[in-house]
Amino acid sequence: MKHLKKLSFFILVLVLAACQAPSKKQEMTEAPKMEKLSVVTSFYPVYYMTQAIAGEHANVSMLIEGAVEPHDFEPSAKDIALIDKAKVFVYSSNNMETWVKSVQDGLGKESKVAFIESGKDVSFIKGKGHHHDHDGDHKDDHDEDEDALDPHIWLDPETAKAQVKTIAEGLIAADTAHKADYEKNRDMLLEKLDVLAKKYDAAFKNATNKAFVTQHAAFGYIAHRYDLEQEAISGLQAKEPTAQDIAEVVEEMKEHKLTTIYVDPGSSQATANAVAKETGASIETLYTMESKVEGKDFLQILEENLVSLQKSIK
């Protein structure tokens, strides 16, 4: 009887083991797990758009972080190696990330990284910040801005929509297996940007007070779309203004009774504070998103910028 019990127990163990262990046929037919798409982005607005579209199907990282200005960024050997290891690199435009072309050339034709210029379908406008007329041949930084293309396309919901569409196209080309999800996520983001664009349109299209003063000439696309007047203390590259630049902005503000200066909290406010002291103007926040804003996302910031601009544009 004892031998019979032991035999029964042994048979039961074999049956349970057979039930739990997959057969060789099952192992062969199981679909292998797909690795997530490896994507590197340049700076925050591009990172946000890419992450929103990619969803769970990609590991998305951001190259330019902290207090580094994208205008001043130069990629290190480590940064270039990070790009080279990725499947996809997404950036705003060759007008903003001027270093991308040299990185691409340096990696050579053998590189398999897909470079996505999100602003490739945007109609870029020329810089129209504060402009000085000088006698003779001298040209200051602001005059040079008049000939340069404004790279700050992400700050206008309408031009940001063009970036979203291009990023989605690039991700689909790199990972066709998840095309449906990328398209779904793209459409959700476009819908949110449409809502914001309508709010901007309602706020500015019939405005009579059209002038606003910024420390950095980053809001040209909004100004262009709604026929507003952006008066900037420093130009497109946010370079340190001269004493003459400051004096002329002070004169403009007093002449047109402008009482607000917009500054990105991530940049130095020293010059804006000096102008504010001279004119009695208040300092308000207007985000350029050239660096990540903790606790706020891309869409929230676009909405906050709208509310802030309405203090001057009515």
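This is a predicted model: local features need pLDDT of at least 70, side-chain atom pairs count only at pLDDT 80 or more; totals for chains, interfaces and linings use all residues.
## Starting with contacts

Two residues are in contact when heavy atoms of theirs lie within 4.5 Å. Not counting residues up to four places away in sequence, Ser42 touches Met62, Leu63, Ile64, Phe89, Val90, Tyr91, Ser92 and Glu97. Ser42 sits in the loop between β1 (37-41) and α3 (44-54). Is Ser42 buried or exposed? Its relative accessibility is 0%, so Ser42 counts as buried.

## The chain as a whole

Now a step back to the whole chain. The protein chain has 12 helices and eight strands. Of its 314 residues, 45% are buried. Among contacts with a separation of 6 or more, 65% are between residues 24 or more positions apart.

## Another buried loop residue

Asp150 is also a loop residue, placed between α6 (141-147) and α7 (157-174). Asp150 has 1% relative accessibility and therefore counts as buried, since the limit is under 20%. Which residues is Asp150 in contact with, leaving aside its neighbours within four places in sequence? They are Phe124, Ile125, Lys126, Gly127, Ala217, Gly220, Tyr221 and Leu236.

Helix α3 meets helix α8 (residues 179-204): their axes come within 7 Å and cross at roughly 130°. That angle makes α3 oblique to α8. On the α3 side, the contact is made by Tyr48, Met49, Ala52, Ile53 and Ala54. On the α8 side, Asp181, Tyr182, Asn185, Arg186 and Leu189 take part. Sorted by kind, the residues of this contact are seven nonpolar, one polar and two charged.

Helix α11 (residues 270-279) has four buried residues to look for: Thr271, Ala272, Val275 and Ala276. Why do they lie on the same side of α11? The reason is that they cover an arc of only 135° around the axis. Turn to the other side of α11 and you will find Ala270 and Lys277, which are exposed.

What do the buried residues of α11 pack against? Their partners are the strands β5 (211-216), β6 (229-234), β7 (260-263) and β8 (282-285), together with helix α10 (243-256). After α11 comes Gly280, which has a positive phi, near 80°.

## Aromatic rings

A pair of aromatic rings is described by how far apart the centres are and by the angle of the planes. This structure holds nine aromatic pairs. In one of them, Phe89 and Trp99, the ring centres are 6.1 Å apart and the planes stand at 50°, so the pair is tilted. Phe89 belongs to strand β3 (residues 88-91), while Trp99 is in the loop between β3 and α5 (100-107), so the pair ties together parts that are 10 residues apart in sequence. Both Phe89 and Trp99 are buried.

Phe204 and Tyr226 make an edge-to-face pair, with 5.6 Å centre to centre and 65° between the planes. This pair links distant parts of the chain, 22 residues apart: Phe204 is in helix α8 and Tyr226 in helix α9 (residues 220-226). Here too, both Phe204 and Tyr226 are buried.

Finally, Phe73, Phe89, Tyr91, Trp99 and Phe115 form one aromatic cluster.

Definitions and conventions:
Residues are numbered from 1 along each chain as its sequence is written. Side-chain values use heavy atoms; hydrogens and water are left out. Buried means under 20% relative accessible area, exposed over 50%, partly exposed in between (1.4 Å probe, protein chains only). Helices (H or I, at least four residues) and strands (E, at least two) are DSSP runs, numbered from the N terminus. The arc is that of the directions from the helix axis to the C-beta atoms. Axes are lines fitted to C-alpha atoms, for helices over the stretch in contact, and angles run from 0 to 180 degrees between N-to-C directions. Angles under 35 degrees count as roughly parallel, over 145 as roughly antiparallel, 65 to 115 as roughly perpendicular and the rest as oblique. Ala, Val, Leu, Ile, Met, Phe, Trp, Tyr, Cys and Pro count as nonpolar, Asp, Glu, Lys and Arg as charged, and the others, Gly among them, as polar. Rings of Phe, Tyr and Trp (its six-membered ring) pair if their centres lie within 6.5 Å; planes under 30 degrees apart count as stacked, over 60 as edge-to-face and the rest as tilted.
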